[in-house]
Amino acid sequence: MEVDREDGRSQNQLRPLACSRNILHRAHGSASWSQDTKVLAAVYGPKAGTKKNENPEKACIEVIWKPKTGQIGKPEKEYEMILKRTLESVCILTVNPNTTTSIIVQVVNDDGALLPSAINAACMALVDAGIPMKHLAVAVCCCVAKSGYVILDPTKLEEQKMKAFAYLVFPNSVHSVLPEGSLRVEGEPIENGIITSVTHGIMSVDDYFYCLERGRAASVKLSDFLRRNLQQQSTDSSKAG
């Protein structure tokens, strides 16, 4: 069933993607991610010492969410927790034990799919900072309408009309673009896995698996975009040098 979307996209079509790294000179790593929704991410660290209740034998990831306006609330606290757990699962935490790496996420514009945009920005900022990672991660939002159809990468208006949605984070096994020191996870077919799955609203099992299928297909497009973006910026850096 074809669905008419207000911006003319098909159900499975992502909005135009844009990403830049090394945009904040005082941060150890930084990136901006835009798909109409725009997020900046800055990485500071690793700095000596871990936070309270963290394992000192591993590196600690700290996420600080900054809304476009106003104070941080319950949704933003949830975003911080999801981001922290997602980033901890893709970073190699044994390389710099008893250190804390802080990731500050600044919302510039929210037009839907905010958390996936923030995850993508944070991962690119970690790459820019040279933080050792097992692999990259790509995030996408899938929404289920009351009539049952599924759309990818919703606008804010589309999100408000949906009965349920899923934030899905998939691994990207493009090893050539990862920082030096990153490792392959032995025996783990990461290209077929899922890192994070968060659902809101009422969704049937069939709807969820369909979201997974559409999300995984979109993750291939996102991975291709990341690879081209990183290779292009590496080429530009070589020319500048």
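On a 1 Å grid laid over the protein atoms alone, a cavity is a set of points where a 1.4 Å probe fits but cannot get out, while a pocket is an open set with protein on both sides within 12 Å along at least five of seven lines; lining residues have an atom within 4 Å of a point. Grid points are joined across faces, edges and corners, and a volume is the space filled by probe spheres set on the points. The model examined here is predicted, so to speak of local features takes a pLDDT of at least 70, side-chain atom pairs count only at pLDDT 80 or more, and totals for chains, interfaces and linings use all residues. Residues are numbered from 1 along each chain as its sequence is written, and side-chain values use heavy atoms, with hydrogens and water left out.

First, the overall layout. The protein has 4 helices and 9 strands, taken as DSSP runs (H or I, at least four residues, for helices; E, at least two, for strands) and numbered from the N terminus. Read along the sequence, these run β-β-β-β-α-β-α-β-β-α-β-β-α. Of the 241 residues, 48% are buried, where buried means under 20% relative accessible area, exposed over 50% and partly exposed in between (1.4 Å probe, protein chains only). A contact is a pair with heavy atoms within 4.5 Å. Among contacts between residues at least 6 apart in sequence, 73% join residues at least 24 apart.

Helix H1 covers residues 74–90, and its 17 residues should span 24 Å at 1.5 Å a residue; the end C-alpha atoms sit 25 Å apart, which agrees. The expected span here is 1.5 Å times one less than the number of residues. Glu 76, Tyr 79, Glu 80, Ile 82, Leu 83, Thr 86, Leu 87 and Val 90 are the buried part of H1. What do these buried residues pack against? Their partners are strands S4 (60–66), S5 (99–109), S6 (136–144), S8 (164–172) and S9 (196–201), along with helix H2 (114–129).

Of its 16 lining residues, Pro 75, Tyr 79, Asp 110, Leu 114 and Lys 156 are the closest to the centre. H1, helix H3 (156–161) and S8 each supply at least two residues of this lining, and the largest share, 4 residues, comes from H1. By class, the pocket lining splits into 8 nonpolar, 2 polar and 6 charged residues. Ala, Val, Leu, Ile, Met, Phe, Trp, Tyr, Cys and Pro count as nonpolar, Asp, Glu, Lys and Arg as charged, and the others, Gly among them, as polar.

About 70 Å³ lies in the largest cavity, whose lining includes Pro 46, Ala 59, Ile 61, Cys 91, Asn 96 and Ile 131. That lining has 8 nonpolar, 3 polar and no charged residues. The second largest cavity has a volume of about 60 Å³, and H2 and S6 are the elements that give two or more residues to its lining. Among the residues around this second space are Leu 14, Gln 35, Ala 139, Cys 141 and Asp 153; the classes come to 8 nonpolar, 3 polar and 1 charged.

Asp 153 sits in the loop between strand S7 (150–152) and H3. Is Asp 153 buried or exposed? At 1% relative accessibility, Asp 153 counts as buried. Leaving out residues up to four places away in sequence, Asp 153 touches Arg 5, Arg 9, Leu 14, Arg 15, Gln 35, Ala 113, Cys 141 and Glu 158.

The cysteines come next. With a disulfide taken as a pair of cysteine sulfur atoms within 2.5 Å, the count is 0. Cys 141 is in no disulfide, and the nearest cysteine sulfur, that of Cys 143, is 4.1 Å away. Cys 141 is also buried, at 1% relative accessibility. For Cys 211, the closest cysteine sulfur belongs to Cys 142 at 4.7 Å, too far for a bond; Cys 211 has a relative accessible area of 0% and is buried too.

Lastly, Ser 32 lies in strand S2 (residues 29–35) and counts as buried at 12% relative accessibility. Beyond its neighbours within four places in sequence, Ser 32 is in contact with Ala 18, Cys 19, Ser 20, Ile 23, Lys 38, Val 39 and Leu 40.
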